[in-house]
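I opened the notebook for a quick look at one chain. Here is what I looked up, in the order I went.

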Amino acid sequence: FTQHKHSEVEDIMKILSDCNVWVAKSMGKKSKEVIMNLGYTPLIINSDSIQEAEKEIVKALNHN
């Protein structure tokens, strides 16, 4: 049995506030809205490997 704790946007902001793009495998609707309202770009990437995630990130950023 493992527990999963959802991080709060405010907690994450303390660590990642200097990043322009936030990459995650999943993100709640409210968190995504808060991030966007603060001027950041949230990207939801559905890859299990770093190599595939990198390709998805580059593709997504080139479309923005």
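Predicted model: local features only at pLDDT ≥ 70, side-chain atom pairs only at ≥ 80, totals over all residues.

In which sense do β1 and β2 pair, and over how many bridges? I found that the two strands pair in the parallel sense, over 4 bridges.

**Entry 1: the layout.** I went through the elements from the N terminus and read α-β-α-β-α. That comes to 3 helices and 2 strands. I then checked the handedness of the part around the strands, and β1, α2 and β2 make a right-handed β-α-β unit.

Entry 2: In β1, W22 and A24 are on the covered face, while V21 and V23 are on the uncovered one.

**Entry 3: the aromatic rings.** How many aromatic pairs does the structure hold? I got 1. The partners are W22 and Y40, with 5.4 Å centre to centre and 40° between the planes. I noted the pair as tilted, because that class takes in the angles between stacked (under 30 degrees) and edge-to-face (over 60).

What does this pair tie together? W22 lies in strand β1 (residues 21-24) and Y40 in the loop between α2 (29-37) and β2 (41-44), so the pair links parts that are 18 residues apart in sequence.

Are the two partners buried or exposed? W22 is buried at a relative accessible area of 5%, and Y40 is buried too, at 15%.

**Entry 4: L43.** Next I picked L43, which is found in strand β2. With a relative accessibility of 8%, L43 counts as buried, because the cut-off for that is under 20%. I listed its contacts, leaving aside neighbours within four places in sequence: V21, W22, V23 and A24, and also I57, A60 and L61. The C-alpha atoms of L43 and A24 are separated by 6.3 Å, although these residues are 19 apart along the chain.

**Entry 5: the whole chain.** I finished with the totals. The chain has 64 residues, and 17% of them are buried. Its accessible surface comes to about 5500 Å², with 52% belonging to carbon and sulfur atoms. Of the contacts between residues at least 6 apart in sequence, 12% join residues at least 24 apart.

Technical notes:
Residues numbered from 1 in each chain as written. Heavy atoms only, no water. Phe/Tyr/Trp six-rings, centres within 6.5 Å; stacked < 30°, edge-to-face > 60°. Buried < 20%, exposed > 50% of the residue type's maximum accessible area, 1.4 Å probe, protein only. Contact = heavy atoms within 4.5 Å. Areas by Shrake-Rupley, 256 points an atom, 1.4 Å probe, with all protein chains shown as cover. Pairing = 2+ DSSP bridges. Right-handed = clockwise from strand over helix to strand, strands pointing away.
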